[in-house]
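Trainee: I have just opened this structure for the first time, and I would like to learn how to read it with you, one feature after another.

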Amino acid sequence: MAITALAVVSVATAVIGFYGLRISRTTGDFYVASRTVRPWWNASAIGGEYLSAASFLGVAGLILLSGTDALWFPVGYTAGYLMLLLFVAAPLRRSGAYTIPDFTEARLDSRAVRKVTSLVVVLVGWLYIVPQLQGAALTIRITTGLPSWVGSVAVVVVVCLTVVAGGMRSITFVQAFQYWLKLTALAVPVLFIVFMLAGSGTPELSPPAVNPTGAPPAGLYQGVSLMVALLFGTLGLPHVLVRFYTNPDGQSARRTTLIVLGLLSVFYLFPTACGLVARMFAPDLARSGQADAVVLLLPGKLVGGTAGELLSALVVAGAFAAFLSTTSGLVVSLAGVISQDVLGAGVNGFRLAAVVSAVVPLGFAFLTDSFTLAGSVGLVFAFTASTVCPVLLLGIWWRGLTDAGAIAGMVTGGLLCGGAMITSAVAGAGNTPGWLAQPAAWSVPAAFAVMVVVSLATAGRVPQTMARVMTRLHTPERPLATER
């Protein structure tokens, strides 16, 4: 049943993607769907690509391991979109750019800033794709018994087919479908299990869950640092930001963000409930080191029989949709950057860049071992919050930003956060101090501070085009005015 579910999701994704090929003709179609995606479609697509392996599998696993400490993840993932709504969505859409490097070059009138931003965006995208491929490997191994590499390769092949076929317009339909599939795949099993437990009287609770890592509960610093990473990291995710370029206007971008907040809030109820149910009734999954697979294993463990197998197959379909949709969004955003900066803008350059964007992280996924999915993605958020986020926020809201300040801030944040990530990986989870394991609380302020100080010291480098660009960013356009 699990293999059938994987096949159905893959075929449905390919069919919907090839449908997009019929209406994808121009470069604008491939990069930003010609800026014609309406709020409900775009919000569903954003929900599809944002709810990754960390959301579908990792959140429930962390709640099983850590209890209430892990609730910061769904709260932070959702609240990050409130930051997007308040500070980024509409101005970024009004910029008229195709990619984040397009925006930074236009705002700061600097090719050097563009090159550094491009490098950071590509690095962030690859770091984010690796956990998706590792989640696919875990799902395949747990549910089908096939080798782990089959899951990773299957995701890359399906994503390459859909992205190469129709670009942004194609995956918009795919990701919107996959959001609703993921929601159904989690909601139905969780509600079935809850009603079954309620109908059986007062079930006997299992002994308390035990964290197999032996790590102590998260303290105040870890909680604050995690929230900084999730709130500010959301503002710099390239695959999320590129979707706002597809809205017709700034008003549509704001409306899209509001709808996304609602869709995410509904979705995160279910992995949270799944983790709590597992913590009460199946804590042995934590002791056996299978926390990340709790969503996949819980229906078979608590329901059993044919019903349990059917529910498990539905969960597998939703999990695979999560890996496909997030990877698709990341590949599109990276292909836009790589094709413009390396291969030359155009449809053929975009297609070649899409293949490169998917294959490179596949190699990293083969070379690295997976660890707690939500935790690994949290570190990617910290890196994004320390690099892309400062240049976006200051570029949109501060007239004094200079190219030298932007480069200095991104390099500082990247080196500090990246160094902490590497040190933590080498030392191991049990041997890493909290301030290194969660670096966002100090790496993000450091990046902002360096960006501001260097900009003030190089005030003469403020571009002459600054006033015109800032006026464009903050002047509301007529509602639903389509820009070509």
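Trainee: Which residues does Pro-238 touch, not counting residues up to four places away in sequence?

Mentor: Before answering, note that this is a predicted model, in which local features need pLDDT of at least 70 and side-chain atom pairs count only at pLDDT 80 or more, while totals for chains, interfaces and linings use all residues. Residues are numbered from 1 along each chain as its sequence is written, and side-chain values use heavy atoms, with hydrogens and water left out. Contact means heavy atoms within 4.5 Å, and with residues up to four places away in sequence set aside, Pro-238 touches Ile-100, Val-121, Val-124 and Ser-333.

Trainee: Where is Pro-238 found, and is Pro-238 buried or exposed?

Mentor: Helices (H or I, at least four residues) and strands (E, at least two) are DSSP runs, numbered from the N terminus, and Pro-238 is found in helix H11, residues 238–244. Buried means under 20% relative accessible area, exposed over 50%, and partly exposed in between, with a 1.4 Å probe and protein chains only; Pro-238 counts as buried because its relative accessibility is 4%.

Trainee: Which residues is Gln-178 in contact with, leaving aside its neighbours within four places in sequence?

Mentor: Gln-178, which is found in helix H9 (residues 148–199), is in contact with Thr-13, Ala-321, Leu-324 and Ser-325 once those neighbours are left aside. Gln-178 has a relative accessible area of 0%, so this residue is buried.

Trainee: How should I read the backbone angle phi, and what is phi of Asp-109?

Mentor: As a general idea, most residues other than glycine have a negative phi. Phi of Asp-109 is near 50°, a positive value in a residue other than glycine. Asp-109 is found in the loop between helix H7 (100–108) and H8, and Asp-109 counts as exposed because its relative accessibility is 55%.

Trainee: How many helices and strands does the secondary structure of the chain come to, and what share of its residues is buried?

Mentor: The chain has 21 helices and 0 strands, and of its 484 residues, 58% are buried. Among the contacts in the chain with a separation of 6 or more, 86% are between residues 24 or more positions apart.
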